[in-house]
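The following note is intended for a colleague who is meeting this structure for the first time.

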Amino acid sequence: MGRAAAAAAVGGAVAACAVATWLVGRRVRRRRRWGRAAAALRELEGGAATSTARLRQVVDAMAVEMHAGLASDGGSKLKMLLTFVDSLPDGSEKGTFYGLDLGGTNFRVLRVELGETKSAIVDSRVETQPIPRVLLSGSNEVDFPLPIFLELFEFIARAVKAFVEKEGKGDSGDGPRRLGFTFSFPVHQKSVSSGILIKWSKGFAVEGTVGGDVARFLEEAMLKVGLDMKVSALVNDTVGTLALSHYHDEDTVAAVIIGTGTNACYVERTDAIIKCQGLLTSSGGMVVNIEWGNFWSSHLPRTPYDVELDEESPNKNDQGFEKMISGMYLGEIVRRVLWRMSQEAGLFGDAPVPLLATPFSLRTPMVAEMHEDGSPDLREVARVLEEGLQIRGVPLKTRRLVVRVCDVVSRRAARLAAAGIVGILKKIGRDGSGGFAGGRMKGKPRRSVVAIEGGLYVGYGMFREYLDEAVSEILGEEMAQSVVLRVTEDGSGVGAALLASTLVR
Ligand code: BGC
């Protein structure tokens with residue numbers, strides 16, 4: 001062999017060796033990165049664990065906090081707001097009533113016609129309209145002639161007027177038309193037809209509204225646009241849902257919303273509402289809006305992702321339960337986990353993933369789509385990552401890990417919501433434990449219907465399954481038979497119109 005050939009051979013061997021070393025190095029790096037991602041997943045699973053025992057602690061804490069919130073204003077993070085709804089529709093209502101549902105980026109106007117026969121909603125018409133974003137989260141940066149909240153209410157009043165005119169129907173008898181106004185934010189009520197806004201939630205903030213009576217704002221706006229309509233009932237969406245479910249099934253004792261935000265209400269005995277001594281109602285009960293989104297307990301399985309999300313939110317230390325459960329936040333929690341995995345473990349390789357770094361870029365419906373991907377090669381996961389977050393070419397193994405993250409976050413949310421529901425049942429002595437007094441109940445348990453509405457429960461099958469399963473797990477199979485989780489449709493709006501009718505009986 002000539003010298004040149006020998007040198008070439010040595011050179012080739014060195015190059016081959018370098019390539020092999022690089023390949024081995026790459027494999028080692030990948031394995032290490034994967035190890036870090038797997039460790040982050042294990043840490044998440046540990047932090048978000050919801051054993052039955054843990055859920056039972058949450059149940060007890062919910063019941064205790066409800067009790068404290070009923071004892072005094074400020075006695076708990078649970079506001080336990082009185083609604084002054086003391087009788088619920090039962091099917092004997094008649095006439096034409098309107099509903100207005102404001103609680104998210106859309107609002108809905110509807111008309112309900114109640115017939116002669118019991119349980120007959122003869123006709124109902126719903127119209128959904130988006131609210132310009134600037135009216136819901138803005139201050140007066142854009143040049144509006146009026147303060148922004150007046151603009152908002154006038155915008156809505158005009159839409160209600162157009163709806164009424166299009167429908168061309170008369171009123172519900174003599175005098176102004178009757179409206180049930182569903183306003184899905186916490187309000188302090190002194191009567192069923194008025195309420196002072198305590199705070200906004202779900203990312204909304206409209207300057208000038210907190211501390212004001214939202215029913216009056218609306219009535220004044222309706223007067224201004226020339227619409228003869230009166231707010232007969234101002235209700236939370238949970239209360240509307242309870243009303244509609246009760247209209248169809250009188251065993252309804254509570255209602256829960258799990259959508260963009262989350263909350264629950266239930267029927268309480270007036271003598272248990274200690275903070276309002278001497279409260280008298282003909283039924284002996286009143287619907288209480290728990291505002292459970294603000295529930296907090298040290299038993300909640302909180303992870304560093306939840307802590308960071310809260311710290312960076314505009315309503316820090318507020319709505320802690322909602323931030324672990326509702327549609328506004330689940331996607332954001334998953335995004336934070338994936339972002340950390342991409343930074344610390346190179347989950348998506350070395351290419352930058354700018355969208356993943358953007359808060360709220362991963363929305364909860366995307367989490368549901370990935371979580372429920374039944375295809376063997378997780379095609380939907382690949383599509384969502386590509387179309388939604390511009391992350392391309394993600395290997396199957398990584399896609400599987402993404403699904404695991406979605407599962408951990410959504411499962412925790414569903415199970416916590418289940419614990420909240422059982423907490424309410426416990427507070428009213430319907431969980432089979434004998435309530436606060438303790439001691440097992442004797443005899444067949446009474447049937448309890450809990451109405452549920454909201455995209456997470458209604459439109460996300462895995463979430464619903466996890467929630468249903470956890471309710472049975474906590475209550476035990478036998479007791480769970482007496483608890484019916486009943487999906488209502490359009491309850492928040494139709495229920496408010498029904499309540500408007502109940503109040504004019
Ligand atoms: C609000 C509640 C509402 C719930 C569901 C929460 O953010 O505070 O009043 O019922 O969302 O819409």
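1. How many cavities of 30 Å³ or more does the structure hold? The structure, which is a predicted model, holds one such cavity. The space in the largest cavity amounts to about 30 Å³.

2. The lining of the largest cavity consists of Leu81, Leu82, Thr83, Val187, Gln189, Asn236, Val239 and Asn289. Two elements, strand 1 (81-82) and strand 6 (187-191), each contribute two or more residues to the lining of this cavity. By class, four of the lining residues are nonpolar and four are polar, while none is charged.

3. About 600 Å³ of space lies within the second largest pocket, and 29 residues line it. Val267, Glu268, Arg269, Ile428 and Arg430 are the lining residues that lie nearest the centre of this pocket. Strand 9 (252-258), strand 10 (262-269), strand 11 (285-289) and helix 12 (396-427) are the elements that give two or more residues to its lining. The lining of the second largest pocket comprises 10 nonpolar, nine polar and 10 charged residues.

4. Strand 9 and strand 10 run antiparallel and are joined by five bridges. A hairpin of three residues connects strand 9 to strand 10, and isoleucine 258 has threonine 262 of strand 10 as its bridge partner. Strand 10 and strand 11 likewise run antiparallel, with five bridges between them. Arginine 269 stands opposite glycine 285 of strand 11; Arg269 is also one of the residues nearest the centre of the second largest pocket.

5. Is strand 10 mostly covered or mostly uncovered? Strand 10 is mostly covered, with six of its eight residues buried.

6. The largest nonpolar core contains 91 residues. Within this core, Trp292, Leu338, Phe348, Val405 and Leu467 touch the most other members.

7. Which residues is phenylalanine 348 in contact with, leaving aside its neighbours within four places in sequence? With those neighbours set aside, phenylalanine 348 is in contact with Leu338, Ser342, Val353, Leu356, Leu385, Ile391, Val394, Thr398 and Val402.

Technical notes:
Residues are numbered from 1 along each chain as its sequence is written. This is a predicted model: local features need pLDDT of at least 70, side-chain atom pairs count only at pLDDT 80 or more; totals for chains, interfaces and linings use all residues. Side-chain values use heavy atoms; hydrogens and water are left out. On a 1 Å grid over the protein atoms alone, a cavity is a set of points where a 1.4 Å probe fits but cannot get out, and a pocket is an open set with protein on both sides within 12 Å along at least five of seven lines; lining residues have an atom within 4 Å of a point. Grid points are joined across faces, edges and corners, and a volume is the space filled by probe spheres set on the points. Helices (H or I, at least four residues) and strands (E, at least two) are DSSP runs, numbered from the N terminus. Ala, Val, Leu, Ile, Met, Phe, Trp, Tyr, Cys and Pro count as nonpolar, Asp, Glu, Lys and Arg as charged, and the others, Gly among them, as polar. A nonpolar core is a set of buried Ala, Val, Leu, Ile, Met, Phe, Trp, Tyr and Cys residues joined through side-chain atoms within 4.5 Å. Buried means under 20% relative accessible area, exposed over 50%, partly exposed in between (1.4 Å probe, protein chains only). Contact means heavy atoms within 4.5 Å. Two strands pair if DSSP finds at least two bridges between them.
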